[in-house]
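Hi,

Here is the structure I promised to pass on.

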Amino acid sequence: MRILIVEDEPKMAEALRRGLEEEGHLVEVASDGEVGLRLGSERRYDLLILDIRLPGRDGIQVCRELRRRGVPTPILMLTVRDDVDVKVEAFESGADDYLTKPFAFAELLARLRALWRRREHVDLRLQVSDLILDPVARRVTRAGREIALTPKEFALLECLMRHPNQVLTRAMLAQEAWGETFDALTNVVDVYINALRNKLDRPFARQLIHTVRGVGYVLRE
């Protein structure tokens, strides 16, 4: 899953980032409310971890504004306060769950999984031709054959599959898939596209990943 952490305490943010990445998730971190609001509005995330006490806009304001803009991303709020009024305000602003600091990382993972289970009735799988990607199980199959991908390969493929038949530039792929600024002097996107082709296209009869010369790449039959 792709997760955004909005947390202004560097040690806490780094511990969460490291732990979630070790679980196989792609993680981005924002250290203030304004940046968190911008990222949460402009980019697609599967989950958002939002501290209440933030510089700029606080977590309650960020959550309320994200919901006002129609952002449906499940939000888990973090705070050092455990009083009922704060919890009520968090839920009324649009939060899906609430966790009081300090907490065990195992509990955080359990709550994140619970947020996903609430959406089990929705089929979140992506499919193009015989290629299927499950963002929750982090599983990719083609023609029924399971294909192992690295986290960066998975994120790049997910980006392509969310925009089938749409030509995406290298800069768009780097930004949406990995949250990184594309350096025109590097060929990192091309390297990962080639890795995906080796796993997803070359063993099969039909090619799905196509190059649009001078522009970028597109996923189509």
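Predicted model: local features only at pLDDT ≥ 70, side-chain atom pairs only at ≥ 80, totals over all residues.

Let's begin with helix α3, which covers residues 59-68. Its buried residues are G59, I60, V62, C63, E65 and L66. In general, an α-helix has 3.6 residues a turn, so residues three or four places apart point the same way. And what covers the buried residues of α3? At the start of α3, D58 has a side-chain oxygen within 3.1 Å of the backbone nitrogen of I60. After α3 comes G70, with a positive phi near 85°.

Now for α2. G33, G36, L37, L39 and G40 are its buried residues, and they pack against β1 (2-6), β2 (26-30) and α3. The N-terminal end of α2 is capped by D32, with a side-chain oxygen 3.0 Å from the backbone nitrogen of E34.

Finally, the loops:

- K101 and P102 are joined by a cis peptide bond, with omega about -5°. You'll find P102 in the loop between β5 (97-100) and α5 (105-117).
- S129 isn't a glycine, yet its phi is positive, near 60°. Look for S129 between β6 (126-128) and β7 (131-134), in the loop.
- A143 isn't a glycine either, and its phi is about 55°, also positive. A143 sits in the loop between β8 (139-142) and β9 (145-147), and it is exposed, with a relative accessible area of 53%.

Cheers

Technical notes
Residues numbered from 1 in each chain as written. Heavy atoms only, no water. Buried < 20%, exposed > 50% of the residue type's maximum accessible area, 1.4 Å probe, protein only. Helix = DSSP H or I, 4+ residues; strand = E, 2+ residues; numbered from the N terminus. Polar contact = N/O pair within 3.5 Å; in protein donor to acceptor, adjacent residues only side chain to side chain. Contact = heavy atoms within 4.5 Å.
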